[in-house]
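Hi,

Here is the structure I promised to pass on to you. Have a look at it first, and then read my notes below.

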Amino acid sequence: MAWIELEHLSHCYQAGTEQEHRALDDVSLAVEEGAFVAVLGANGSGKSTLAKHLNALLLPTSGVCRINGLDTAAAADTGELWKIRQQVGMVFQNPDNQLIAAVVEDDVAFGPENLGMPPDEIRTAVREALACVNMTHYRKFAPHLLSGGQKQRVAIAGALAMKTRCLVLDEPTAMLDPQGRAEVMETVCRLHEQQGITIVLITHFMEEAALADRVIVMADGRVADDGTPREIFRKAAALKAFGLDVPLATELGLELRASGLDVPQDILTDDELTSALVTLADYPHGLTAATREGRG
Amino acid sequence: MSITLKHVAYVYMPGTPFEHQALGDISAVIEEGSLTAIAGHTGSGKSTLLQQFNGLLQPTAGRVLVDDVDINPKAKKDRAAARAMRLKVGMVFQYAEQQLFEETIEKDIAFGPKSLGLSEEETAERVKEAMRLMHLDYETYRKRSPLALSGGQMRRVAIAGVLALRPKYLVLDEPVAGLDPRGREELVKTIRHLHDREHVTIILVSHNMDDIARLADHVLIMNQGRLVCDASPREAFAQENLLEGAGLKLPHVMALMKELRAKGLPVRMDCLTIEEAKREILNVLKAVKGKGGKKHAQ
Amino acid sequence: MLSDITIGQYFPGNSILHRLDPRTKVVLLFFYLVLIFLCKSGISYGVMTVLTAVLMLLSKVPMRMMLRSLRPLWWIILFTFVVHIFSTPGEELCKVAFLSVTAEGIVEGFYICLRLVLLILLSSLLTFTTSPLKLTDAMEALLSPGKRVGVPAHELAMMMTIALRFVPTLIQETDRIMKAQQSRGADFMTGSIMKRMQAFVPVLVPLFLSAFRRADDLAMAMEARCYRGGEGRTQMKALKITSIDYVAWGFSILLIAAVLALR
């Protein structure tokens, strides 16, 4: 049984009114424990709605959402939602709107406190969680004095302190500068690799999605495509039609291919593209002085 | 005509324990008709700098001239002229959609012209013009609530609200931040169009080197409150140490070309767009093969 | 401009007063304030003055900062003094216009002013040595016996916590929106009061919209982190009574008894 299971999941906002809006339409998905899944989609494609189901912030209008075997709708009836939320940590887009306390360490403690953990355990959990995201030094800071990237790392620590097993990140880097974006992505990748935390990353940045081992493309509330980044990004034209993009290396590779160069069509990273081009020029050992003069 | 900074310095909260020198001795010229980018890492002083352009902050030392008029005059008689010049500089803040407040898009865009005391007809005229410039259809959108739009469209409305003041210089602070890829792409095109076709001088403030590489013709780089580079994009990005020192990265295309060069393909590094990079790679591969490189595996 | 405001006047430190449990501080402050109102004789006033001075020294808060907290109330203190000089009946010293200055008036005025100054200094000692967060915790703890009769102690404390967290954010935001509207020609500085109030509509509407959006986001973030109200919640930094608190209580009981006897 997969860790996250969605079966024919649909979600309607304001169901039964004139403004009824079907944000998710018959979505079926399974995500294994320890996976790193990126979800792509233009605005309004339903990806945020999907994310909120994983933490039972929203419940299915029809269909089933199961997290580690727990049905979210059933858990809501029995008052056991916290069991799901403790296992699935959420990080949202706006770093300013998800930190609750006026001091970093108190904020990280918020989740464990809600779970009723004894104070000593909370202290240990907070210390470990802050160390995991390299924010120990800032534990006494007020959130408004931190950079965007640092705030998002504190938000991640807040989830880790609850001993979460899965992180759902809803455009966590959209409002950050390049440095903050790099900090957050580095943290997410490290948590995935070293602690085996399941990652569901919703993003508008194709380079971030290329880091995942699976990419899901959403369009109009449905899963439009699902595969490895390599399989997905080679379909550049289709992605652009969904209002999405491809990584720069993929795009340049496809353009060169269109101009008649024999580069592979499923290039993902800069390294793959440059290596392919060098092989193409057949200079496995670098340039000799003679050819360099020849060109100059 | 230009915006000229002469030895501008700015100190936050002088005389308190929180005193902090945000800008130190900055001199620069932003020419009319240019598309100037101000790059810098968060906290480099670029936000403080841009607020000098229309007098939101007044320099602690030095002068700011817009079209040769000091916008922070000492003499009282010069104040009216200075205020008029300040309004020649339109300022679009980061996440500008958050400043929308009227019930309809038309009314919101009209806020600026109305504050200037323009007549109804003149105001209506300017609203139409601003919406046209931002590619918002007047009839479709004018009666809609700005809050019912998508993020990208809301931002267009906010920019139109500034364009309705008919600024000669338009300052855009991180204009594409937070938009989805389609929204980003469309807004970049619109900015291009504003500059190339409508001849608005644009000052683009950003920490995204990719956007700067494909848009700007002049780059100012800020680091720790100082201006560390004032050059064309090609010259600026050629100084990698300087970029790194300022906490910035090479534009992605250039980084890729650099990697390619490091692996032994003698390509030029200073390609700013995918199109340029593609042409350079094709040329170099052709040249290399022609000059006796072994043919690719048969 | 707006971002220059600093909220609260907490002075971080590690003095004995800083280390006292905030509940002890709040309750003792309450007793001391009542005690000051009960003072009648010079001796009792003297004792309270010495107490305040000693506490100020113990707090290690710079004297200048302490005295600054009196500044906004300076005029009220002076006014009270003048009113008492003229309005207390007794032996007339001299006459100013048709009002007479009395010796009793000067003494009475002095005591009343001293009372005011002590009240202000003692209260600000609490805020100087206790972080707003600890004050909130103390409030929750002291109100919690009222839960049974329906006092929402936890909810009030949570509101305080969130308010403290978001005040700086909202100040930054107000500053930004004001600047954005100013750049569109809005004028907050000139014109009649009515006109200036109207000028704030374009600031207040976006500010409220954004505050509601934040509230919505925050509520979701709290829920996502298993927030279920105060029931079954623990605290990482649970308040703890230490030996300093016992000493403070013992000393205070003696002091209260002494002042009551001497008053």
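**A helix in chain A**

Helix α6 (residues 148–160) of chain A has 13 residues and spans 19 Å from its first C-alpha to its last, close to the 18 Å expected at 1.5 Å a residue. The expected span is 1.5 Å times one less than the number of residues, and helices (H or I, at least four residues) and strands (E, at least two) are DSSP runs, numbered from the N terminus.

Before going on, please note that this is a predicted model: local features need pLDDT of at least 70, side-chain atom pairs count only at pLDDT 80 or more, and totals for chains, interfaces and linings use all residues. Residues are numbered from 1 along each chain as its sequence is written, chains are lettered from A and ligands numbered from 1 in the order in which they are written, and side-chain values use heavy atoms, with hydrogens and water left out.

Back to α6(A): twelve of its 13 residues are buried (under 20% relative accessible area; exposed is over 50% and partly exposed in between, with a 1.4 Å probe and protein chains only). Among the buried residues are G149(A), K151(A), R153(A) and L160(A). Their cover includes β6 (88–91), α4 (104–114), α5 (119–132), β7 (166–170) and α7 (178–195) of chain A.

**Aromatic rings**

Over all chains, the structure holds nine aromatic pairs. Rings of Phe, Tyr and Trp (its six-membered ring) pair if their centres lie within 6.5 Å; planes under 30 degrees apart count as stacked, over 60 as edge-to-face and the rest as tilted. F30(C) and F31(C) have ring centres 6.0 Å apart and planes at 55°, so this pair is tilted. F30(C) is exposed at 52% relative accessibility, while F31(C) is partly exposed at 34%. Y45(C) and Y111(C) form a stacked pair, because their centres are 4.5 Å apart and their planes at 15°. This pair links distant parts of the chain, with Y45(C) in helix α3 (residues 42–59) and Y111(C) in helix α6 (residues 103–129) of chain C, 66 residues apart. Y45(C) is buried, at 4% relative accessibility.

Ring pairs also join F30(C), F31(C) and W249(C) into a cluster.

**Chain B**

Chain B has twelve helices and ten strands. Of its 298 residues, 55% count as buried. The C-alpha atoms of chain B fill a box of roughly 75 × 50 × 35 Å, taken along the principal axes.

Best wishes

Notes
Contact means heavy atoms within 4.5 Å.
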